[in-house]
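I open this notebook to write down what I look up, one topic at a time. The structure comes first, then the entries.

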Amino acid sequence: ITMEDEMFSINTFYGNIDGQGYTVSGIYSDRFISSFVQKNYGVIQNINFAMKGNADFLTGAAFAYYNYGVIYNCHYTGNINGGSMYCVQSWNVGGLVADNYGRLEKCSFTGRVYADDASKAGGVVGYNAGDVCYCSFDGEVDIASASFQCNSSFQGYVGGFVGYAATNSSVKYCTADVTSVH
C-alpha cells in the first residue's frame, strides 16, 4: 500500500489491528507525533511500515509509545528521530516501542534510532518492563549529547537492542546487527 500522506497517531487503542502482512510505504511525518499508537492495550499484528525519509517523532517509536498489549509480526524500515525538546530529558526512544510493559514478538526494526536528550534509547525498545521475543534489530542507535548542555549531571541509558531493562523483564531469542551505538 503506497501512501503519499502524513502519518497519523491513535491516542489509546484497545482493539485488534491485523495488517495481513501488507507494507504501508511512502508515509512521512512533518509534525511531532510519538508513534502509530500512543497507548496500546490491544493487539497490533502483521503490519509493515516503510517510511519515506526520517520519521521526526517527538518522543520516538514506530508502533507504540506505551505498549501494554501485544505487538506481533510487525516490521519497520526507516529512521526514528526522537527525544525531547527544551531540555526536558524525560522521554524514552525505541525503534518499535518506547516503553514496553506488554509483549513484542517476531518484530523487526531496520534503520537508525536517533535520540536527542532521551532518558533511555534502544534499537527496538527504549525501556523494557515486559517481554520481547524473536525480534531483530539491524542498524544504529545514537543518543545525542545535547543533554549535557542543559544538565551536566544527565545520565541516559542506551543499548543496541534495549536501552534499559527493568527487573523481571525478558528478552529471548532476539538478534541484533548493530552498526554503532553512540
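Entry 1, the surface. Which residues form a nonpolar patch on the surface, and with about how much accessible area together? I looked at a predicted model. In it I found Tyr14, Tyr41, Tyr68 and Tyr101 forming the nonpolar patch. Together these tyrosines have about 450 Å² of accessible area.

I then followed Tyr101. It is found in the loop between strand E11 (97-100) and strand E12. Its relative accessibility is 36%, so I noted Tyr101 as partly exposed.

Entry 2, the sheet. I listed six strands in an open sheet, in the order E2-E5-E8-E12-E16-E20, with parallel pairing. Strand E2 (16-18) and strand E20 (170-172) stand at the edges. Each has a single partner strand, so one side of each is left without a neighbour in the sheet. From one strand to the next, the twist averages 5 degrees. As background, I noted that strands of a sheet pair through backbone hydrogen bonds.

I picked one pair to look at. Strand E8 (residues 70-72) and strand E12 (residues 103-105) pair in the parallel sense over three bridges. Val70 stands opposite Arg103 in E12.

Entry 3, charges. How many salt bridges does the structure hold? I wrote down three. As a reminder, side chains of opposite charge can pair when their charged atoms come close.

One of the salt bridges joins the side chains of Arg103 and Glu105, at 3.1 Å from N to O. Are the two residues buried or exposed? Glu105 is buried, because its relative accessible area is 17% and buried means under 20%. Arg103 has 30% relative accessibility and counts as partly exposed.

Arg112 forms a salt bridge with Glu140, and the closest N and O atoms are 3.7 Å apart. Arg112 lies in strand E13 (residues 108-116) and Glu140 in strand E17 (residues 136-143), so I noted a pair that links distant parts of the chain, 28 residues apart. I found Arg112 partly exposed at a relative accessible area of 27%, and Glu140 partly exposed at 21%.

The side chain of Arg112 also meets that of Asp142 in a salt bridge of 3.1 Å, N to O. Asp142 is in strand E17 and Arg112 in strand E13, 30 residues apart. With a relative accessible area of 14%, Asp142 is buried.

Conventions: Residues numbered from 1 in each chain as written. Predicted model: local features only at pLDDT ≥ 70, side-chain atom pairs only at ≥ 80, totals over all residues. Heavy atoms only, no water. Pairing = 2+ DSSP bridges. Helix = DSSP H or I, 4+ residues; strand = E, 2+ residues; numbered from the N terminus. Axes fitted to C-alpha atoms, helices over the stretch in contact; angles between N-to-C directions. Patch = residues over 30% accessible without salt bridge, like charges linked within 9 Å, V, L, I, M, F, W, Y side chains within 5 Å. Areas by Shrake-Rupley, 256 points an atom, 1.4 Å probe, with all protein chains shown as cover. Salt bridge = Lys/Arg side-chain N within 4 Å of Asp/Glu carboxyl O. Buried < 20%, exposed > 50% of the residue type's maximum accessible area, 1.4 Å probe, protein only.
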